[in-house]
Amino acid sequence: MDGTLIIFWAFAGLAVLSGLACITRRSPVASALWLVVTLFALAALFVLLDAQFIAVLQVLVYAGAIMVLFLFVIMLLNLGRAGPTDLKGPLGLGVGVFLAGLLLMQLLVLRQAGLAPGGTVRPPLGQGMIPSVARPLFTVYLVPFEITSILLLAAIVGAVVLAKRKL
Amino acid sequence: MLLEPALTVSGVLFALGVLGVLLRRNAIVIFMCVELMLNAANLAFVAFAQQLGVAGQIFVFFVMAVAAAEAAVGLAIILAVYRHRRTVDLQNINLLKG
C-alpha cells in the first residue's frame, strides 16, 4: 500500500465519519459544521484524484459560500437551541437504515461492474489544472456554460421574490 | 489507480445522504443531506475524469452551479414556509397530506 492510498483512505474515513456525524447530530448547527468537515475532506480527495482546481472550487463555493448560507438561515430561524431530537422513532430508524443499506449494496455491486476494456486514457500531464479545465469549458461546453448563467439569474430572482416579506 | 476506492467512498457518502433525508425531520438538515449526495456524485465524476478525460470535471462545475442555485431557492422557500407555519419540522408541514 503506497502513500497516496494511505492518505486517500485517511481522508475518505474522515469524510464518511463526519458525514455520519452530520446526519446524527441533533443540533442543525452541529450538523452544518460536520458537513463542512466532510466537504473539506472531499476537497482533499479531489486533489488526490488530479482535480486541483475542482478542489479549490469545493472549498470556496461549497465550504465557503453555500454552507455560510445554510448557517445564516439556521441562525435566522433560531434553530440552534437544543430541543427534542428530530430523528424519527425506532420504526423510521429501521426502515431508513434498511433502505440506505440496500442502496449501498446496489452501489457496491455496480462498482464491481468495472469499465469497458480499453477505456482508460492516460490523462495529459497537469490535468486538473486551470488551462486543461478552462479550454473545454469555453469551447466544447460553451453553450451549457452560458445556460448556467441564465440558471443562476433565475435562481437569484426566485430567491429574492420568495424571501420578500409579503408573498 | 484510485477509481475503485473513490467510487466506494462515493457510494457510502451517497447512502449516508439518503439515510439523512429519510431519518431527519428538520427541513434544513434534510437539505444539507441533499448537498451531501450531490458531493458524493461529484466525487464519482472526478474519479471517472481521472480515467476518461476532463469532461467529468466540467460536469462537476455544472453540478456546483446547480447546487448553489438550489441552495438559494430552497432556503428562500424554507424561510417563506417558516414565516407561515413558524416551524421547519416536516412533521408539522402536512398541508398536502390527504
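Modeller: Helix H2(A) meets helix H2(B) through A:Pro28, A:Ser31, A:Ala32, A:Leu35, A:Thr38, A:Leu39, A:Leu42, A:Leu45, A:Phe46 and A:Leu48 on one side, and through B:Val29, B:Met32, B:Glu35, B:Leu36, B:Asn39, B:Asn42, B:Leu43, B:Val46 and B:Gln50 on the other. A contact of this kind means heavy atoms within 4.5 Å. Helices (H or I, at least four residues) and strands (E, at least two) are DSSP runs, numbered from the N terminus.

Residues are numbered from 1 along each chain as its sequence is written, while chains are lettered from A and ligands numbered from 1 in the order in which they are written. This is a predicted model, in which local features need pLDDT of at least 70, side-chain atom pairs count only at pLDDT 80 or more, totals for chains, interfaces and linings use all residues, and side-chain values use heavy atoms, with hydrogens and water left out.

Two packed helices are described by the angle between their axes and the distance between the axes. The axes are lines fitted to C-alpha atoms, for helices over the stretch in contact, and the angles run from 0 to 180 degrees between N-to-C directions. For H2(A) and H2(B), the axes come within 11 Å and cross at roughly 5°. The two helices are therefore roughly parallel to each other; angles under 35 degrees receive this name, those over 145 are roughly antiparallel, 65 to 115 roughly perpendicular, and the rest oblique.

H3(A) and H3(B) also have axes that come within 11 Å and cross at roughly 5°, so these helices are roughly parallel to each other. Among the residues of H3(A) that meet H3(B) are A:Phe53, A:Tyr62, A:Phe70 and A:Leu76. The residues of H3(B) in this meeting include B:Phe61, B:Met64, B:Ala71 and B:Leu79.

Buried means under 20% relative accessible area, exposed over 50%, and partly exposed in between (1.4 Å probe, protein chains only). The largest such core has 67 residues, of which A:Phe70 and A:Leu77 touch the most other members. At least two residues of this core come from each of H1 (3-24), H2 (28-48), H3 and H5 (130-138) of chain A, and from each of H1 (3-23), H2 and H3 (55-85) of chain B. H2(B) gives the largest share, twelve residues. In soluble globular proteins, nonpolar side chains tend to be buried together. Leaving aside residues up to four places away in sequence, A:Leu77 touches B:Ile28, B:Ile78, B:Leu79, B:Tyr82 and B:Val88.

Aromatic rings deserve a separate word. Rings of Phe, Tyr and Trp (its six-membered ring) pair if their centres lie within 6.5 Å; planes under 30 degrees apart count as stacked, over 60 as edge-to-face and the rest as tilted. Over all chains there are five aromatic pairs. One of them joins A:Phe8 and A:Trp9 edge-to-face, at 5.7 Å centre to centre with 90° between the planes. A:Phe8 counts as buried because its relative accessibility is 0%, whereas A:Trp9, at 37%, counts as partly exposed. A:Phe70 and B:Phe31 have ring centres 5.5 Å apart and planes at 50°, so this pair is tilted. The pair crosses between chains, from H3 (residues 52-76) of chain A to H2 (residues 27-52) of chain B. Both partners are buried: A:Phe70 has a relative accessible area of 0%, and B:Phe31 stands at 13%.

The cysteines complete the picture. A disulfide is a covalent bond between the sulfur atoms of two cysteines, and here the criterion is a pair of cysteine sulfur atoms within 2.5 Å. The structure holds zero disulfides over all chains. The cysteine sulfur nearest to that of A:Cys22 belongs to B:Cys33 and is 5.2 Å away. A:Cys22 is buried, with a relative accessible area of 0%, and B:Cys33 counts as buried at 0% relative accessibility.

Residues up to four places away in sequence not being counted, A:Thr148 touches B:Phe62 and B:Ala65.

Technical notes. Core = buried A, V, L, I, M, F, W, Y, C linked by side-chain atoms within 4.5 Å.
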